[in-house]
Amino acid sequence: MLWLNQGQWREAIPESAKVVSTVGAGDTFVASFCWACSQQMPPEQKLKFTTAMSALAVSQIGVGVPSQDQLQATLETTQFAVL
């Protein structure tokens with residue numbers, strides 16, 4: 001994911017995962033970005049959270065976070081950079 005925020009490009013890359021279904025991945029991205037904004041997360045955390053949620057969405061069929069542990073693990077392995 002690339003995001004231009006306040007004149008800086010920011011990038012988040014999740015760890016490689018097996019894609020099971022892309023249905024709902026875009027919706028997950030938008031919803032998690034809106035939620036992160038409502039929580040006033042800093043840009044790095046917002047981008048990593050949104051990217052991790054989208055990565056989890058494509059790794060399963062259906063909706064929802066499989067577990068908080070899986071979300072935390074995905075967050076920890078999602079890389080972030082200011083370009």
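**Entry 1: strand E3 and its partner**

I began with Ala12 and looked for the residue across from it in the sheet, and I found that Ala12 stands opposite Phe80, which belongs to strand E3. Since I am working from a predicted model, I noted this as a feature of the prediction. I then followed the pairing of the two strands and saw that E2 and E3 are joined over four bridges in the antiparallel sense.

**Entry 2: confidence**

Among the elements of the chain, I found the lowest mean pLDDT, 89, in helix H3 (residues 68–77), while the highest, 94, is in helix H1 (residues 25–38).

**Entry 3: the sheet as a whole**

I asked myself in what order the strands of the sheet stand. The order is E1-E2-E3, and these three strands make an open sheet with antiparallel pairing. I noted that strand E1 (2–5) and strand E3 (79–82) are at the edges and have a single partner strand each, so one side of each has no neighbour in the sheet. Neighbouring strands here are turned against each other by 20° on average, with direction ignored.

I reminded myself that strands of a sheet pair through backbone hydrogen bonds, in a parallel or an antiparallel way.

**Entry 4: the hairpin**

I went on to E1 and strand E2 (residues 8–13), which run antiparallel and are joined by four bridges. Within this pairing, I found that Leu4 has Trp9 in E2 as its bridge partner. E1 and E2 form a hairpin with two residues between them, and I noted that Gln6, in the turn, has a positive phi of about 50°.

**Entry 5: aromatic pairs**

I searched the whole structure for aromatic pairs, and three came up. One of them is formed by Trp3 and Phe33, an edge-to-face pair with 5.4 Å from centre to centre and 90° between the planes. This pair links distant parts of the chain, for Trp3 lies in strand E1 and Phe33 in helix H1, 30 residues apart.

**Entry 6: the largest pocket**

Last, I looked at the largest pocket, which holds about 210 Å³ of space. It is lined by 13 residues, and those closest to its centre are Thr28, Ala57, Gly62, Val63 and Gly64. I found that helix H2 (residues 43–58) gives the largest share of this lining, three residues. Which kinds of residue make up the lining of the largest pocket? I counted seven nonpolar and six polar residues, and no charged ones.

Technical notes
Residues are numbered from 1 along each chain as its sequence is written. This is a predicted model: local features need pLDDT of at least 70, side-chain atom pairs count only at pLDDT 80 or more; totals for chains, interfaces and linings use all residues. Side-chain values use heavy atoms; hydrogens and water are left out. pLDDT is the predictor's confidence in each residue, from 0 to 100. Two strands pair if DSSP finds at least two bridges between them. Axes are lines fitted to C-alpha atoms, for helices over the stretch in contact, and angles run from 0 to 180 degrees between N-to-C directions. On a 1 Å grid over the protein atoms alone, a cavity is a set of points where a 1.4 Å probe fits but cannot get out, and a pocket is an open set with protein on both sides within 12 Å along at least five of seven lines; lining residues have an atom within 4 Å of a point. Grid points are joined across faces, edges and corners, and a volume is the space filled by probe spheres set on the points. Ala, Val, Leu, Ile, Met, Phe, Trp, Tyr, Cys and Pro count as nonpolar, Asp, Glu, Lys and Arg as charged, and the others, Gly among them, as polar. Rings of Phe, Tyr and Trp (its six-membered ring) pair if their centres lie within 6.5 Å; planes under 30 degrees apart count as stacked, over 60 as edge-to-face and the rest as tilted.
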